[in-house]
Amino acid sequence: MTTHTIHPHHDHAHGEERACMSRRSFLLAGGALVTLAALPGSAAAAALKALKVDYPAVKIGKLSALKKGMPLEFAYPYPDVSNMLVKLGVEAGSGVGEGNDIVAFNQQCPHMGGPLQGTYKDKHQALGPCPLHLTTFDLTRHGMVISGHSTESLPQIVLEVRGDDIYAVGVQGLIYGYSSNLAGRRA
Ligand code: FES
């Protein structure tokens with residue numbers, strides 16, 4: 001599968017955006033995500049909004065250039081954090097675009113940091129299996145685990161569409177290797 005790398009240009013330096021959300025808070029947030037499937041749609045959407053961590057907006061792609069099943073790689077919210085943007089072709093949780101089918105996810109497995117680059121399966125709209133312990137994640141349902149060792153969902157990158165441009169504006173979930181998404185450095 002073909003992937004392309006985008007080098008984002010931050011609107012602001014991320015050093016300005018330190019805040020205080022503990023690992024425990026993020027772990028609790030991860031647990032909450034698992035229970036969201038049981039909530040009515042509007043309640044789940046409200047709860048997910050509450051879990052979102054905002055970052056400076058970064059342009060990561062264009063609607064007109066995105067092809068179904070062809071992921072684009074981009075770094076966000078920091079240069080060493082690899083993510084993928086993909087048009088799934090089916091409606092997805094927090095999806096953007098006309099069909100609500102464009103989503104983005106972190107590419108480090110939340111179990112032990114296994115690299116998920118190049119593992120997207122368009123037939124199932126899934127990322128994985130992770131090369132370390134085979135966890136696979138459902139990209140239509142906020143990165144929930146389909147199977148494997150991970151107990152946490154894959155962090156989802158929050159997207160916004162402005163005209164033809166797609167922006168990353170936040171992260172839902174704790175990025176592997178960070179004590180806090182907002183710390184701006186590895187744990
Ligand atoms: S590191 Fe991915 S399943 Fe263990």
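Where does His142 lie? His142 sits in the loop between S8 and strand S9 (144–147).

**Figure 1. The predicted model as a whole, with its helices and strands.** The protein has two helices and eleven strands. Read from the N terminus, the order of elements is β-α-α-β-β-β-β-β-β-β-β-β-β. The protein contains 187 residues, and buried residues account for 40% of them. Contacts between residues at least 6 apart in sequence were examined for their span: 52% of them join residues at least 24 apart.

**Figure 2. Confidence along the chain.** The average pLDDT of the protein is 81, and 68% of the residues score at least 70. Over residues 1–5 the pLDDT is below 50. Beyond near neighbours in sequence, that stretch makes ten contacts in the model. The pLDDT is also below 50 over residues 7–39. Here the model shows 49 contacts beyond near neighbours in sequence.

Figure 3. Strand S3 covers residues 72–75. Leu72 and Phe74 form its covered face. Glu73 and Ala75 form its uncovered face. Strand S4 covers residues 82–87 and runs antiparallel to S3, with four bridges between them. Leu72 stands opposite Leu85 in S4, and Phe74 stands opposite Asn83 in S4. S4 also runs antiparallel to S5, joined by five bridges. On that side, Leu85 stands opposite Ala104 in S5. In general, strands of a sheet pair through backbone hydrogen bonds, in parallel or antiparallel fashion.

Figure 4. S3 connects to S4 by a hairpin of six residues. Pro77 is found in this loop between S3 and S4. The peptide bond from Tyr76 to Pro77 is cis, and its omega is near -5 degrees.

Figure 5. Four strands form an open sheet in the order S6-S7-S8-S9, with antiparallel pairing. Strand S6 (120–121) and S9 are the edge strands, each pairing on one side only. S8 and S9 run antiparallel and are joined by three bridges. Thr136 stands opposite Ser147 in S9. The loop between strand S7 (126–127) and strand S8 (136–138) holds Pro129. A cis peptide bond links Gly128 to Pro129, with omega about 5 degrees. His142, in the loop between S8 and S9, is not a glycine, yet has a positive phi of about 60 degrees. Is His142 buried or exposed? His142 counts as buried because it has 25 C-beta neighbours inside 10 Å, and the cut-off for buried is 20 or more.

**Figure 6. The loop between S4 and S5.** Glu91 lies in the loop between S4 and strand S5 (102–106). Which residues does Glu91 touch, not counting residues up to four places away in sequence? Glu91 touches Gly99, Asn100 and Asp101. The C-alpha atoms of Glu91 and Ile102 are 8.1 Å apart, with the two residues eleven residues apart along the chain. Glu91 counts as exposed because it has 10 C-beta neighbours inside 10 Å, and the cut-off for exposed is 12 or fewer. Asn100 lies in the loop between S4 and S5 as well. Asn100 has a positive phi of about 50 degrees although it is not a glycine. With 14 other C-beta atoms within 10 Å, Asn100 is partly exposed.

Notes: Residues are numbered from 1 along each chain as its sequence is written. This is a predicted model: local features need pLDDT of at least 70, side-chain atom pairs count only at pLDDT 80 or more; totals for chains, interfaces and linings use all residues. Two residues are in contact if their C-beta atoms, placed from the backbone, lie within 7 Å. Two strands pair if DSSP finds at least two bridges between them. pLDDT is the predictor's confidence in each residue, from 0 to 100.
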